[in-house]
Amino acid sequence: MSQKLSELITVLRGHRVFIQTHNFPDPDAIASAFGLQYLLRKFGITTTICHHGNIERTATTNMVAEFGISMTTDEELKDMTEDDYIITVDSQKGNANILDLVGNEVACIDHHPIFCEPDYKYMDIRIVGSCSTIIADYYRQYKIDMPEDVATALLYGLKMDTADFTRGVTELDVQIYAYLFPKSNNQLIRRFQSGTIQYDELESFVDSMRNIEIFNGVAFAFLNFNCADAFVATVSDFILNLDVVNFAVVYSRRENGFKFSVRSELDELNAGIIAQ
């Protein structure tokens, strides 16, 4: 479901605004926050991008540095109050992957299914390949000028969340790709994408491949070692590329439970719903 951008502007005016990504943000979450921040600035609304957890991947860190994206951790938010407004992007309040901050979550822009009864003042939740798609669609619909760094970040987020257009792609994603491509620095995107697996993770990656069990196209892998959240997702993506796998579940032990990454190539098996 989608609302008009003007409604979001009306909700936010006169308030201090934060854009919150899910914990340990990935390229799609960061690109969406970055694109939304620039967009809102066009309407005189200043925002702070915030998140919980580290930015774990070298390629993602490089993207943040390349575009000068200012990312504030929850530990640095010393003066947030209950009167401050929060827009959640690429996640929804109440989900396990987003920290409940002090501020008031008044808006949500996301591409995942709704699991909790929403009570936002503004909500744009569309089941598309990436959250970057939705943010870019605002620019396209309202004919707002987009600088190259924003376009490049959004296209990178779209490509990463759809595994280079092999997962969860909709007609809108294809339209947005065509819209972003001529505005982007595609050489930069190729450089970002070349760092999917980091050199210091090679041994762990090989060990994880030895732990795969496959049952009728469904693969399970337990990573029995300490690893970053993003590494769990990387292994999950890799396993799904195997010719005998169409659904992947990768998990790793955490202090308070387990971290899961679920991937699906089957329309009838929705990874988000199954993970929930």
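Modeller: Let's start with L40, which touches L8, I9, L12, I19, I45, T47 and I87, once residues up to four places away in sequence are set aside. Keep in mind that this is a predicted model.

Biologist: Fine. How many residues are in the largest nonpolar core, and which have the most contacts inside it?

Modeller: That core has 52 residues. The ones with the most contacts inside it are L8, L12, L36, L40, I87, I109 and L180. Another core, of 13 residues, lies apart from it and includes L223, C227, L240 and V245.

Biologist: On to helices. How do I read a packed pair?

Modeller: Two packed helices are described by the angle between their axes and the distance between those axes. Here, take α5 (residues 148-161) and α7 (residues 186-193): their axes come within 10 Å and cross at roughly 45°.

Biologist: Why are α5 and α7 called oblique to each other?

Modeller: Angles under 35 degrees count as roughly parallel and 65 to 115 as roughly perpendicular. The crossing is at roughly 45°, so α5 and α7 are oblique to each other. As for handedness, the crossing of α5 and α7 is right-handed.

Biologist: Which residues of α5 and α7 meet?

Modeller: From α5 you have T152, L155, Y156, K159 and M160; from α7, N186, L188, I189, F192 and Q193. By type, the residues of this contact between α5 and α7 divide into six nonpolar, three polar and one charged.

Biologist: Now a loop residue. Where does I55 lie, and what is it in contact with?

Modeller: I55 sits in the loop between β2 (47-51) and α3 (58-67). Neighbours within four places in sequence aside, I55 is in contact with P25, I30, T60, T61, V64 and M71. The relative accessible area of I55 is 23%, so I55 is partly exposed. If you want a distance to check in your viewer, I55 and Q187 are 22 Å apart in space, C-alpha to C-alpha, and 132 residues apart in sequence.

Biologist: Last one: what should I make of backbone phi?

Modeller: Most residues other than glycine have a negative phi. In this structure, D164 has a positive phi of about 55° although it is not a glycine. N216 is another non-glycine residue with a positive phi, near 50°.

Biologist: Where do D164 and N216 lie, and are they exposed or buried?

Modeller: D164 is in the loop between α5 and α6 (171-180), and at 40% relative accessibility D164 counts as partly exposed. N216 is in the loop between β7 (212-215) and β8 (218-223). With 82% relative accessibility, N216 counts as exposed, because the cut-off for exposed is over 50%.

Methods:
Residues are numbered from 1 along each chain as its sequence is written. This is a predicted model: local features need pLDDT of at least 70, side-chain atom pairs count only at pLDDT 80 or more; totals for chains, interfaces and linings use all residues. Side-chain values use heavy atoms; hydrogens and water are left out. Axes are lines fitted to C-alpha atoms, for helices over the stretch in contact, and angles run from 0 to 180 degrees between N-to-C directions. Helices (H or I, at least four residues) and strands (E, at least two) are DSSP runs, numbered from the N terminus. Angles under 35 degrees count as roughly parallel, over 145 as roughly antiparallel, 65 to 115 as roughly perpendicular and the rest as oblique. A crossing is left-handed if the near helix is turned anticlockwise from the far one by less than a right angle, and right-handed if clockwise. Contact means heavy atoms within 4.5 Å. Ala, Val, Leu, Ile, Met, Phe, Trp, Tyr, Cys and Pro count as nonpolar, Asp, Glu, Lys and Arg as charged, and the others, Gly among them, as polar. A nonpolar core is a set of buried Ala, Val, Leu, Ile, Met, Phe, Trp, Tyr and Cys residues joined through side-chain atoms within 4.5 Å. Buried means under 20% relative accessible area, exposed over 50%, partly exposed in between (1.4 Å probe, protein chains only).
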